[in-house]
Amino acid sequence: MALALRWLWVNRNYFIIFITPFLILPLPLVIPTPEARCGFAIILMALYWCTECMPLAVTALLPVILFPLMGIMESGKVCVEYLKDTNMLFIGGLLVAIAVEHWNLHKRIALSVLLVVGVRPALLMMGFMIVTAFLSMWISNTATTAMMLPISQAVLEQLSATEADADEKEIRGGRDNQAFELAEVSIKQPIDNITEDKPNNKPDVEEAINVLSERRRKEREAKYLRLFKGMSLSVCYSASIGGTATLTGTTPNLILKGQMDDIFPENNDVINFASWFGFAFPNMVLMLALSWFWLQFMYLGFNLKKSFGCGSKNEGDKDAYRVMKNEYKKLGKMSFAEVAVLVIFVILVILWFTREPGFMPGWATELFNQDGQYVTDGTVAIFMSTLFFVIPSQLNCSCLVSANDEQDEEAEGVEEEGEKQDKKDKKKKLKSSPTLLNWKVVHERMPWNIVLLLGGGFALAKGSEVSGLSKWLGESLAPLKSIPPFAISLILCFLVGTFTECSSNTATTTLFLPILASMATTIGLHPLYVMLPCTISASLAFMLPVATPPNAIAFSYGNLKVLDMAKAGFMLNIIGILSINLGINTWGKAMFNLGTFPSWANATNVTSTP
């Protein structure tokens, strides 16, 4: 029996793949409508995504098969949904991230900031959280976590080793001052326990020293175990939080952008890089600060003198600081390639911010977008990322120098035959400088599966609209109109936050956003009032190691237990959702005019009716 159950568990994915379609097949058979057929496809994909019985990207391709076979959409129209402007923005942003990682620019930035912050526990945690959040705004959360965790572990190990050496020196020095040592031992442990069966009731100095040494070792190990746990959690959590601050920071943000443009094509580019950053960055800072306070309370306490280190630095701090400084020295001087990547990155961010800042006409509006949205954030991202394949990685003049030297020697007539042959061989070996990026590097590091996931989400949204499922769902949720908007937003955020703990944030936003858009248009609520906070909530998966890749990386180091992550993450989920809803009801409402129902949403709702 046990063997049979084990066999069933090992092969569970095959059972889910083949049995699930038959279990939900009665839906389109009993209700032969386009809405039911589209519902069958969405439910099937949702179950496949949640169980991950197939790769997520393969599941995302199912609309290409199901929609044409069920008569929902033509194959050509389905396939067009898989490569849109949002996908181009995603690819352009990732090319920039790959260039930054390829030339180790992210590590130089991280170590530079940490050297400024210092190594006191609370400041060190704050420094790691700030650096991790900043880097994850631009490069993948997984890569940021994978880079920052080894640095944090090395610094803490150095602090622990230095403290152990200091304790050993103190104890060895205490042998010359037995009274001091014995007094310390007698305070914490009765001497009778040490001196049992000793003649004349005189304590053994060596035994007292051993007891003291063992006690300090255990206290030190317990202290640094807490620090290791707190630092690991702070890095993986801040990576997820930082990704919410920019439009390209994490995939759900781009899904919202794509869904808004697809469901509400007349939205006047309400979600772009600048508008997203204006709302999400303050919210990210708030969440990061509250998360730091919570982790500080859990793992370091609120002893300000010990945590922040009022007063002079000790030897442990200096040694740990030296570790980070040595890591920075290993990077060497800033190369031409690093400077070039940094310049391109800065120009890209500036162009994104000034394309359509909202409070004034942007350069794209004045130069290109007079009669339509010709230039988008995707256009800028692809243009700037193309430069990585054009600009050389080093300024190499060796070829010119070699040719000049050869001409001078031939003119003088002093070059021997053997030297001429060496010169020819050297000239043959000279090559042009490689560019900042090549396609081999991009091919190895580009997560192409996410491009298909984005496309699958857009295809689902289009299928829901064409089949009329979106309208039906919206009408079914009409009773929610009697509930206050802030309560709707809060409840939906908690629902999405719970769902994303067991499913990928990409799948969660792909499934929820079309439904939320339909609900909002039906009850006369601004679509962004529910879609925006729920999108960010999908990235707040803090409780389980399997919830996000950063969580899994932190858990793999072996210091954390599932219970540690669950205790810390549960409160952070609540903190994050409350922060998001505070933002959407304050500066978010002012930025996007969320108090009124927009005309572009009303027009879309009417025109999308089949």
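Biologist: What volume does the largest cavity have?

Modeller: Start with the idea. Rolling a probe the size of a water molecule over the atoms shows where empty space is left. On a 1 Å grid over the protein atoms alone, a cavity is a set of points where a 1.4 Å probe fits but cannot get out. Grid points are joined across faces, edges and corners, and the volume is the space filled by probe spheres set on the points. Here, the largest cavity has a volume of about 60 Å³. This is a predicted model: local features need pLDDT of at least 70, side-chain atom pairs count only at pLDDT 80 or more, and totals for chains, interfaces and linings use all residues. Residues are numbered from 1 along each chain as its sequence is written, and side-chain values use heavy atoms, with hydrogens and water left out.

Biologist: Which residues line the largest cavity?

Modeller: Lining residues have an atom within 4 Å of a point. For the largest cavity they are V100, H106, I109, F134, L135, W138, I139 and F345. By class, 7 are nonpolar, 1 is polar and none is charged. Ala, Val, Leu, Ile, Met, Phe, Trp, Tyr, Cys and Pro count as nonpolar, Asp, Glu, Lys and Arg as charged, and the others, Gly among them, as polar.

Biologist: How many cavities of 30 Å³ or more are there?

Modeller: The count is 2. Helices are DSSP runs (H or I, at least four residues), numbered from the N terminus. Helix α19 (336-355) gives the largest share of this lining, 3 residues.

Biologist: What about a pocket? What is the volume of the largest pocket?

Modeller: A pocket is an open set of points, with protein on both sides within 12 Å along at least five of seven lines. The largest pocket has a volume of about 870 Å³. Of the 41 residues that line the largest pocket, the closest to its centre are T142, T251, I450, N505 and P549. Helix α8 gives the most to the lining, with 6 residues. By class, the lining has 21 nonpolar, 16 polar and 4 charged residues.

Biologist: Is C236 buried or exposed?

Modeller: Buried means under 20% relative accessible area, exposed over 50%, partly exposed in between (1.4 Å probe, protein chains only). C236 counts as buried because its relative accessibility is 0%. C50 is at 30%, so it counts as partly exposed.

Biologist: How many disulfides are there?

Modeller: A disulfide is a covalent bond between the sulfur atoms of two cysteines. The cut-off is a pair of cysteine sulfur atoms within 2.5 Å. A search of the whole structure finds 0.

Conventions
Helix = DSSP H or I, 4+ residues; strand = E, 2+ residues; numbered from the N terminus.
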